[in-house]
Structure formats: C-alpha cells, structure tokens
Amino acid sequence: MMKTLDKRLSRILKDPTSKDFILADAKDADMAFGLAAPGSTSANGHERLRSVVEYRQLMREIVEQALIDICLMSASSNEVLAIDKRLFENSPVTPAVRMNDSTDIWVPGNKTRYNQQASLPFSTVTIDEAMSGKLDSTPHERKRGADLGLYSLTFNNNAALDRATLQAYRDFRHEAERKGFRHFLEVFPPNAYVREEPEDVGRFLSDHIVRLLAGVSRKSRPVFLKVAYFGPAAMEALASYDPSLVVGIMGGSAGTTFDAFHLLWEAKKYGARAALFGRKINQAEHQPTFVRYLRALADGEIEPAEAVRSYHADIERAGLRPHRPLEQDLERAVPT
C-alpha cells in the first residue's frame, strides 16, 4: 500500500501551493521521559501512570484510525508494532523511529539537569536496528521495520559544541544514504546558551538550517523539517526560501486545546506543510477524537475555535470529563 506520506510529499514538491499537510503522532517520548512518557490515566478517582503496553495500544488505535501520516516511535516500540505485529504492513501510515537521543532530551525524574546543559550528540539506536530489529542485517532484513527516522539537532551558539553536533549528523547521513534510510530533521531552539543568546532565535535556527543543507546533496537531504514555530514572519521566510524544502512544526508543551488547534492552523497559513504533535495528542482527553480534529484543521475543513467547541461536544457525549471548561479551553495559554 502506498503511504499517504509519500503521496503528500510528492504533491507538495510538485506544487508548493498544494494544500496537502503531513500530520504525525510523536509517540517517542520514552526516549526522553522514561516512566512518565506514556502519560497518566485515571480510574475510580485514582490517577496512575500508563504502562508502555498501554502507550503502544494508543499508538495502535491511532494508526488504525488512519488519519495521521506518520507514527513516530522509539526503536523498541517500532520493533513490537512494526516488526513483530506488522501493524503498518497494510496501513497508509508510515512508521518512523527516533534515531538520536542527544543529552538535551534526557528528562528522567523531576529535578534532573541534563536538559539544562548544552546539548551533546548521542544515539542509542542504530539504523540497522530501526530497519530490522538487529545490529547486523542484510538488505532483505532491512525491509522488516522502518525506513524513516527522525534526527534532531540543537545549536547553542558555540562553535566546538555545534561542530560536534554537525559531525554526528554528517556521519548519520552518510550511513543512512548507503542503507536506503530516509530521515526528517528536527531542529530545536538553543537549550543552554554557552556564549550568548542569539538576538533572533528564529533567524538563528533558520540560518543554521539553510547553511547546513546548502552542503548536502539531494540523496542525503531530509524529506522534511520539524522546527519550533516562531511566528508568521519566521515561518514565511523559511518556507519560501527553497520550494524543495518542506517545513513542518513541532508541538511543544500541551497547553489548551485551542493552543494546539490554532498552532497548526496558523503555521499552515504561513507556509508550514507538516506538524508533529507529541504531548498535545498524548495529554488529550480522547486521543483519536483529538487527532480527528487535527486532521480536519490540516485539511482546511474547520477553524480552530469551532474545532475546540466540536471536540468538547464529542468528548462530553462520550461521557468523558474535559480537562478544563470550554471557555478556558478556548483561551490561548501558550504564546507563539
């Protein structure tokens, strides 16, 4: 089955004005938060953390809903769902694996400081493990798992650290090209200014992206980008720079439902063609319903405020208690 990701990418690249929009569920948080990654659930008034088994069941439900284009997972979840269970074999959804876990995404416990220190490059998983579930694999075995991965970069305005980050990315790109492994590129805002804070962080990141990709051949380029949204001007500048560069946004913290819906709607308006939401989906009252409205927004079928009202009506009909009253959920809590 041809994946919707490939169809949408093809149409976007042929026509940069295409209304196609790529939607991904980022369920790779176990590479960052550990036990807290699957989020919490409540029953009989008692709240507890979900297990990884429950986390993967949510992935299965959303993949089977077939409204997202990508399900981003850790290598271990990919092994269970893609390789063992063959969940994606007859699905329009593309499996993807987080391919590096640099130190700025290490968030074990509540008072650790890894993510407050300047990012250092590191990768737990290898390309062979993502593609086949084993370290040394044949080309045939590499067809069993994912052929798409997320690679993240964090620049901190320090030549030595940022050079090491770029060196690790270059090594990854070279191996990926040799093994026929595609990737999309996530670029985080600086997490610890080692020298001084850039005057315009959005411009700093966009310039880094354009500069590094200027030296990358077509076969080694990311299929699309995932960046923080720094407002209309920054998005328009990056999205309009190179029509062969598909720009997407990351979700960030959960915020209100309006925050999530408006972020996707506004970013698309100013040139974004993809959104990868993790916590915004994972902390929703009912994830498949939340995803259904994200898809409607991505397809231009509804406006953000109307989507919030309809979402509340749906979850209340299902007997679920919303996290916050409708009036509060229609407010902007996370500034852009």
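In which helix do Glu64 and Arg60 both lie, and how many residues apart are they? The two residues belong to helix α2 and are 4 residues apart, about one turn of the helix. The views below come from a predicted model.

**View 1. A salt bridge joins Glu64 and Arg60 within helix α2.** The closest N and O atoms of Glu64 and Arg60 are 3.7 Å apart. Glu64 is exposed, with a relative accessible area of 53%. Arg60 counts as partly exposed, at 23% relative accessibility. The structure holds 24 salt bridges, and this pair is one of them.

**View 2. Eight strands close into a barrel.** The 8 strands follow the order β1-β4-β5-β6-β7-β8-β9-β10, and their pairing is parallel. Neighbouring strands of this sheet are turned against each other by 25 degrees on average, direction ignored. Strands of a sheet pair through backbone hydrogen bonds, either parallel or antiparallel.

**View 3. Strand β1 runs parallel to strand β4.** Asp25 stands opposite Cys71 in β4. Helix α1 (residues 4–14) packs on the sheet. This helix touches β1, β4, β5 (94–98), β6 (148–154) and β7 (182–188). The direction of helix α1 makes about 135 degrees with that of β1.

**View 4. Asp69 and Arg8 form a salt bridge.** Their closest N and O atoms are 2.8 Å apart. The pair links distant parts of the chain: Asp69 lies in the loop between α2 (52–65) and β4, Arg8 lies in helix α1, and 61 residues separate them. Asp69 counts as buried at 0% relative accessibility. Arg8 is also buried, with a relative accessible area of 14%.

**View 5. Arg86 and Glu89 form another salt bridge.** The closest N and O atoms of this pair are 3.3 Å apart. Arg86 is partly exposed, with a relative accessible area of 30%. Glu89 counts as partly exposed at 46% relative accessibility. Elsewhere, salt bridges that share partners join Arg8, Arg11, Asp20, Asp69, Arg295 and Asp299 into one network.

**View 6. Phe261 and Phe290 form a tilted aromatic pair.** The structure holds 10 aromatic pairs. In this one the ring centres are 5.1 Å apart and the planes stand at 35 degrees, so the pair is tilted. Phe261 lies in helix α8 (residues 257–269) and Phe290 in helix α10 (residues 287–298), so the pair ties together parts that are 29 residues apart in sequence. Phe261 is buried, with a relative accessible area of 0%. Phe290 is buried, with a relative accessible area of 3%.

**View 7. Phe290 pairs edge-to-face with Tyr311.** The distance is 5.6 Å centre to centre, with 80 degrees between the planes. Phe290 in helix α10 and Tyr311 in helix α11 (residues 304–317) are 21 residues apart, and the pair links these distant parts of the chain. Tyr311 counts as buried, at 0% relative accessibility.

**View 8. Four aromatic residues form one cluster.** The members are Tyr151, Tyr169, Phe172 and Phe181. The charged end of Arg173 sits over the ring of Tyr169, 5.3 Å from the centre of that ring.

Definitions and conventions. Residues numbered from 1 in each chain as written. Predicted model: local features only at pLDDT ≥ 70, side-chain atom pairs only at ≥ 80, totals over all residues. Heavy atoms only, no water. Pairing = 2+ DSSP bridges. Axes fitted to C-alpha atoms, helices over the stretch in contact; angles between N-to-C directions. Contact = heavy atoms within 4.5 Å. Phe/Tyr/Trp six-rings, centres within 6.5 Å; stacked < 30°, edge-to-face > 60°. Buried < 20%, exposed > 50% of the residue type's maximum accessible area, 1.4 Å probe, protein only. Lys NZ or Arg CZ within 6 Å of the ring centre and 35° of its normal. Salt bridge = Lys/Arg side-chain N within 4 Å of Asp/Glu carboxyl O.
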